[in-house]
Amino acid sequence: MKLESVFPFPRTHPRIRLAVHPISLLLAVGVAALIGLKAKWLFPGLEPIGSIYLFLLEMTVIPILMSAMVSGVAALVGRAGFAKMIARLLAAFLVMALVVGGAGVAVGMLGSPGSRLERQNQAFLADVVSSSQKGSDLTVSVSGPAVSHRHTTLLDLLAQAVPRNVFSSLAGGRVLPIALFSLFLGLAIGLLREKQQGLLLRVAEGTLRAFSAINAWLIYLLPVGIICLLAPQVGTIAGSIVVPMLRFVALFIVAAAVCLVISMLIIWVRSARNPAAVLRAMVEPSLYAFITGNSLISLPYELGALTDRLHFRRESTQFVQPVMSVAGGYGSIVFFVWRRFFSRSSTVRP
Amino acid sequence: MTSPKQQQNLVVGLLTSPWSILVSVAIAVVIGLLFHSVAEVLKPFGLMYLYLLEMTVLPIIVSAIISSVAGLAKSTGMRGFLLRMILVFVAMLVAASVLGTFGGIIGHPGSGLDEQTRNTLGSIVKTQQSQYAPDLELSLSAPPVHRSQPGLIDFIVQIIPQNIFSALASGKALALIFFSILFGIAIGLLRGEQGESLIALFDGFFKAFQKIIAWLMVVLPFGLICLLADQIASTGFHILLAMLKFILIFYAVGLIVVLIDIAIIWQRSRESLGTVMRALLDPIIVSLVTRSSFATLPTAIKALEQKLGFYERSTNLFLSLGITLGRFGNIIYFAVAALFVAQLYGVGMDPSRYAIVVIGSLFGGIATAGASGIATLNLLSIVLGPLGLPLEAVLIIFIAIDAIADPLRTLLIIITNMAANALIVPKTDPLNRRQTVAARLPGATIEEHADLISRIRKRGELVVLGGARPFPPVCAPGIEGLHEGSGVEQASGIAAALGVKLRLDLRPLSPAELVLALKEGGGDLLLGESNARSVFGEELAYTEPYLTSKDAILLTKACLAEVKSMTDGGKTSFKTFSRHVGVVENSVHARIWKRIFPAGKVREYQTVVEMVDSVLNGEVQAAFSTEVELRYWIAKRPRWSASASCLGFSNLPAEYRFAVATSDVLSLPALNEIIADLKSRISPILPAYVGEQ
């Protein structure tokens with residue numbers, strides 16, 4: 001089956017180009033920073049609009065995740081090289097996790113973010129660290145209740161990933177079981193040799209494209225979303241944590257930048273496009289990830305960037321990218337490694 | 001003697017007639033007033049019935065809105081319709097709110113109550129209080145407590161479903177409607193097969209759930225008895241007396257609105273008042289008794305579409321949307337109730353406070369979307385809050401009389417939405433439609449399109465369009481390039497009945513192109529795939545099904561079970577059969593199946609008799625022919641008849657119809673008459689029809 005573009009609308013529409021033009025986006029980020037720092041009285045007005053934008057984006061997450069995986073897997077299964085691709089996926093996952101974790105450790109060792117802190121800052125940070133623990137679950141659960149990682153082993157996590165009741169997983173927004181279910185459904189549909197296969201594939205593809213269309217409309221509002229979502233974040237951050245944790249944040253940004261550069265290099269080499277095109281393609285998914293703090297929300301934009309702009313194979317991308325988004329919380333890995341590092345170094349030196 | 005089928009139809013007709021509904025209401029009243037214990041026993045059955053109805057609500061709303069919005073988004077005239085819909089809808093919402101407020105101002109439901117009534121209300125609250133809400137205090141003279149109310153923006157935030165599936169699980173109707181509209185537009189704008197498949201899928205869901213509703217309507221009289229008897233038994237009369245003035249005023253306002261609605265529907269439908277009243281009887285009674293506007297939705301749709309002839313697709317869309325958002329009954333009730341509470345507390349009202357009542361009851365009413373019963377009453381706080389009046393204190397009174405108020409609220413929602421629908425949606429008037437279709441065709445005039453039959457007679461030729469693809473058993477190339485099949489036979493039958501020649505015009509076109517060709521007057525009837533409404537949709541009109549000699553596969557019973565587990569409907573591939581299969585030489589089937597099966601797997605026989613024999617002897621696994629032919633020969637041979645228990649058929653369950661352009665819809669009765677006549681003449685002479693040996 002010939003797969004068409006993920007976004008069913010031409011991205012060259014002048015209004016879309018204006019909305020996602022780097023200048024207007026930069027302008028929006030600037031306005032957001034300004035409001036966040038100087039006009040906090042606007043927050044009560046901005047936050048509900050930000051929530052509306054966020055909810056609209058979140059609404060499309062599960063359907064897109066499901067339909068992308070189902071149609072991607074169904075198109076891949078039975079093709080030569082599918083097993084090889086899975087092996088590569090696992091290998092890439094491990095390598096990337098190691099690279100990302102390694103970058104975190106390296107920067108942590110070199111920078112010792114927790115040392116040389118004043119006593120009062122240490123007490124303050126101890127609170128902040130323990131209260132921000134659920135932040136690391138954000139990539140796993142979009143809207144469902146956050147599950148504590150305290151006593152979860154890998155096996156527990158795997159057991160929880162099996163959907164006992166797929167409807168309750170869907171209603172609870174538990175992404176891992178949904179992804180696993182979609183994987184099996186895609187495999188089964190791909191191997192179906194009846195005429196219903198065509199219908200099911202058309203339904204999955206149509207669903208993906210319809211929801212991508214909704215996402216494409218939401219791009220119009222990206223500058224508004226940036227202002228409404230980013231301004232309160234800037235305000236909150238500027239208010240409390242940044243000053244005592246400046247060192248930590250700076251080093252985290254360094255570690256993240258290292259990972260970003262490595263990722264960009266990989267994408268550049270593998271896509272064989274010029275660096276400017278790669279950078280341009282990464283703008284949208286990065287911005288969405290940035291303002292929403294949720295890697296799954298940017299999934300449709302990641303798919304659009306990788307397939308439409310960088311011309312990676314559509315069906316493989318549809319399979320690999322959701323799996324990586326669900327399972328590979330690379331940002332969280334850096335953050336986790338970091339937190340360990342940080343709390344250790346700050347307790348060792350009283 | 002009547003056949004079992006006819007008896008069944010008689011029973012269904014009897015149970016669904018308005019009279020049996022009225023009779024069951026009467027029975028329920030008797031049971032409710034005189035036999036409380038029986039009412040108690042019936043209660044769970046009534047609830048079961050209600051739950052079954054409610055079960056279908058969300059699927060119907062979601063599927064109806066998605067498929068109709070998608071259909072509208074596909075069509076070009078959507079913008080005008082939407083604008084009209086929004087204007088009428090908003091105007092009617094405001095009108096309902098203003099009417100309710102006026103009723104409250106003129107009627108003074110809460111002021112001028114005598115001392116005894118006030119005492120009764122106070123004591124009711126005290127006794128009810130322990131039952132429902134022990135922490136609430138009612139004092140009619142205490143200053144009202146101010147409460148902070150959720151604003152408009154929070155209301156909008158709630159409309160957006162963060163997770164569609166959790167919205168489905170918790171039945172958030174507003175959020176689901178928002179999603180369905182958005183998804184419907186997105187599907188409608190998708191090009192190609194995917195959009196079509198999704199529309200067909202949701203349309204299928206909608207039709208399936210309508211089917212379930214149709215079954216439930218058959219047992220409606222029993223459901224009514226069970227539901228109503230308990231309601232009547234559980235309503236106390238002393239509360240009713242104390243609240244009599246409020247109830248009377250609400251009912252007076254409500255009845256005025258109902259009368260206005262009926263007048264609107266009567267005017268717009270251009271039917272006699274008797275027809276309109278007969279059509280409205282079902283939705284009125286169902287809404288009064290189920291007290292659920294959603295459960296009444298299918299009945300209301302049926303009344304408007306089938307009995308009053310409003311345009312189907314738009315009615316589906318508008319009523320589903322309207323019943324969810326247009327909570328006219330709740331709006332009117334909230335306005336009257338707010339004024340009742342204000343007057344009860346002796347709070348002074350000025351124009352700005354009346355405006356708050358109008359706007360508050362409007363939004364409060366809309367916010368009750370998806371809520372029912374006591375949950376609805378809780379939203380009264382949206383009106384009372386800005387007025388600084390406490391809801392908690394008076395909620396008990398409203399709960400106590402809700403069994404009396406709820407039916408009218410539901411009726412008002414239903415009938416006002418039906419009136420709004422009548423104002424918005426055009427009637428499926430064949431004459432009007434014909435004019436618009438004719439106006440779009442270049443060079444076409446109404447006279448030319450006036451009558452398909454006279455047009456064919458004038459031309460002396462019946463032109464039947466079809467796809468070039470062989471489509472047995474309807475139409476496939478036969479001996480010497482002539483086409484044969486049931487569709488061809490019926491078409492030639494129609495041509496003979498009209499006294500004209502038949503011209504088959506088979507073109508290698510896609511379904512959409514065929515529809516266009518027919519619409520532009522390239523032919524009179526469309527053949528072949530015209531049974532596939534999912535392909536041609538509502539763009540064409542269809543005749544009654546004609547007699548089809550269905551494709552059939554003859555198998556032994558054991559083999560049939562095995563094959564059925566491997567195939568679906570008509571799809572058969574060579575993988576299905578492990579051994580040889582048989583066909584008759586030079587038949588349509590021989591050509592078709594030899595193309596499908598690998599060479600050497602198909603065995604040809606000179607006669608049907610030989611072929612059937614070889615199935616019985618186990619030489620071939622299956623035989624392909626038409627069912628009429630196979631059955632005829634099996635009946636002829638005593639040996640086969642005796643062993644018929646070991647023979648099975650696997651059929652295509654399709655019904656074939658001719659399609660005509662919607663501009664020719666007036667000619668359908670005449671065509672159907674010819675088809676019915678052909679069928680009645682062919683049936684008794686079926687053996688001759690398939691040919692003697």
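1. Basis of the values. Residues are numbered from 1 along each chain as its sequence is written, and chains are lettered from A, with ligands numbered from 1, in the order in which they are written. Because the model is predicted, local features need pLDDT of at least 70 and side-chain atom pairs count only at pLDDT 80 or more, while totals for chains, interfaces and linings use all residues; side-chain values use heavy atoms, with hydrogens and water left out.

2. Chain A. This chain has 16 helices and zero strands, where helices (H or I, at least four residues) and strands (E, at least two) are DSSP runs numbered from the N terminus. Of its 350 residues, 47% count as buried, that is, under 20% relative accessible area, with exposed meaning over 50% and partly exposed in between (1.4 Å probe, protein chains only). The accessible surface of chain A is about 17500 Å², and carbon and sulfur atoms hold 70% of it; such areas come from the Shrake-Rupley method with a 1.4 Å probe, and for residues only the protein chains shown count as cover. Among contacts in chain A with a separation of 6 or more, 82% are between residues 24 or more positions apart, a contact being heavy atoms within 4.5 Å.

3. Chain B. Here the secondary structure comprises 35 helices and 12 strands. Of the 693 residues of chain B, 52% count as buried. Residues 24 or more positions apart make up 77% of the contacts in chain B with a separation of 6 or more.

4. Extent of the interface. In all, 29 residues of chain B contact 33 residues of chain A. The two chains bury about 2700 Å² between them, 72% of it on carbon and sulfur atoms; buried area is the accessible area (1.4 Å probe) that two parts lose on being put together, summed over both. B:Gln162, B:Phe165 and B:Gln194 provide 23% of the area that chain B buries against chain A, more than any other three residues.

5. Composition of the interface. Six residue pairs are in polar contact across the interface (both at pLDDT 80 or more); this requires N or O atoms within 3.5 Å, within protein one able to donate a hydrogen and the other to accept it, and residues adjacent in sequence count only if both atoms are side-chain atoms. On the side of chain B that touches chain A, the elements giving two or more residues are α7 (152-159), α8 (164-169), α9 (173-189) and α10 (193-218) of chain B. Of these, α9(B) gives the most, with eight residues. Between chain B and chain A there are zero salt bridges, a salt bridge being a side-chain nitrogen of Lys or Arg within 4 Å of a carboxyl oxygen of Asp or Glu.

6. Salt bridge in chain A. Over all chains the count is seven salt bridges. One of them joins A:Arg314 and A:Glu205 (3.1 Å, N to O). A:Arg314 lies in helix α15 (residues 314-327) and A:Glu205 in helix α10 (residues 196-219) of chain A, 109 residues apart. A:Arg314 is buried at 7% relative accessibility, and A:Glu205 is buried at 1%.

7. Salt bridges in chain B. B:Arg409 pairs with B:Asp406 at 3.2 Å between the closest N and O atoms, and both residues are buried. They are separated by about one helical turn because they stand three residues apart in helix α22 (residues 402-424) of chain B. B:Asp524 and B:Arg459 form another salt bridge, at 2.9 Å between the closest N and O atoms. B:Asp524 is buried at 1% relative accessible area, whereas B:Arg459 is partly exposed at 39%. B:Arg455, B:Arg459 and B:Asp524 are linked in a network of salt bridges.
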